[in-house]
Amino acid sequence: FPTRRSSDLAALLPFTIQVSYNTDKYRVEISDASFTLQNLKHALESKSGVPAQSQKILFKGQTLKDDAQNLIAVGMKEGSKAMLLGRKYSQEQEVLSKPLDEVIKAIDEIETRIKGICEEVEGIEKGFLQCELVPEACRGIHKRCDICTEHLMQKLEALDAVVGTSCNVSSMCTKKSLHCMYRKYQCLKSSCAVVGRLLFYEFRLL
């Protein structure tokens, strides 16, 4: 951006610019020659709810990157238009997301354990384990499947507790919780399928 001499700046004051955010438009008055991008971001944070550190300001097709940049010096004047990009801050979303992320992480771990169990079962079915060791291995796998199922149910309760903390759950948290539910359902199906395969295999050995 071209800059202007500091002696020319005071003559332009005060003036108002318009900043668009989605369908909203905010008017910001520039009354100080030292008004910077950082000042603008703080002003917009109170108006739009978008945290200053998450904002991107577009002016004349370019992103303003230097927070210490003087807005008058880069060409802003009465009637100038800029665009705000960023996501609004939601305290509720932050409160809900953290425990929800913890539940999802736990589901990832359970899913990994179940995949490992499935690989063991495949090995047994393919004869990679000596016949005399199969019964004991099957009992161990049964027990681990039961533990995985129990953990899944605990995570279901944890998920219910998280979502139940608010009657106005954000769409992002709702999508994440539904995805988490689907993942738990798939894990549970896999766990039950493993048990079924083991029972069938053990029956064949009788």
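1. Let's start with Q55: with 4% relative accessibility it counts as buried (buried is under 20% relative accessible area, exposed over 50%, partly exposed in between, using a 1.4 Å probe and protein chains only). Q55 sits in the loop between α2 and β3; helices are DSSP runs of H or I with at least four residues, strands are E runs of at least two, and both are numbered from the N terminus. Leaving aside neighbours within four places in sequence, Q55 has contacts with K41, L44, E45, V50, L84 and L85, where contact means heavy atoms within 4.5 Å. A polar atom of the Q55 side chain lies 3.0 Å from the backbone oxygen of K41.

2. Residues are numbered from 1 along each chain as its sequence is written, and side-chain values use heavy atoms, with hydrogens and water left out.

3. On confidence: pLDDT is the predictor's confidence in each residue, from 0 to 100. The chain averages 77, and 71% of the residues score at least 70. Among the elements, β5 has the highest mean (95) and helix α1 (residues 6–9) the lowest (53). Residues 166–171 have pLDDT below 50, and this stretch makes nine contacts in the model beyond near neighbours in sequence. Where pLDDT is low, the predicted coordinates should not be read in detail.

4. Now the overall layout. The chain has five helices and five strands, in the order α-β-β-α-β-β-β-α-α-α along the sequence. Of its 206 residues, 35% are buried. Among contacts with a separation of 6 or more, 72% are between residues 24 or more positions apart.

5. Strand β5 (residues 81–85) is worth a look: A82 and L84 are on its covered face, while K81, M83 and L85 are on the uncovered one. In a regular strand the side chains alternate between the two faces of the sheet. β5 runs parallel to β1 (residues 15–21), joined by three bridges, and pairs antiparallel with β3 (residues 56–59), also over three bridges; strands pair if DSSP finds at least two bridges between them. M83 stands opposite S20 and also opposite L58.

6. The largest nonpolar core has 21 residues, and I17, V28, L40, L44, I57 and M76 have the most contacts inside it. A nonpolar core here is a set of buried Ala, Val, Leu, Ile, Met, Phe, Trp, Tyr and Cys residues joined through side-chain atoms within 4.5 Å. At least two residues come from each of β1, β2 (24–30), α2 (37–48), β3 and β5. Beyond its neighbours within four places in sequence, I17 touches Y26, R27, V28, I30, L40, M76, K77 and S80. A second, separate core of 16 residues includes I110, V121, L152 and C187.

7. N22, not a glycine, has a positive phi of about 55 degrees; N22 is in the loop between β1 and β2 and is exposed at 68% relative accessibility. K60, also not a glycine, has a positive phi of about 55 degrees. K60 is in the loop between β3 and β4 (62–64), exposed with a relative accessible area of 60%. Most residues other than glycine have a negative phi.

Note on methods
Predicted model: local features only at pLDDT ≥ 70, side-chain atom pairs only at ≥ 80, totals over all residues. Polar contact = N/O pair within 3.5 Å; in protein donor to acceptor, adjacent residues only side chain to side chain.
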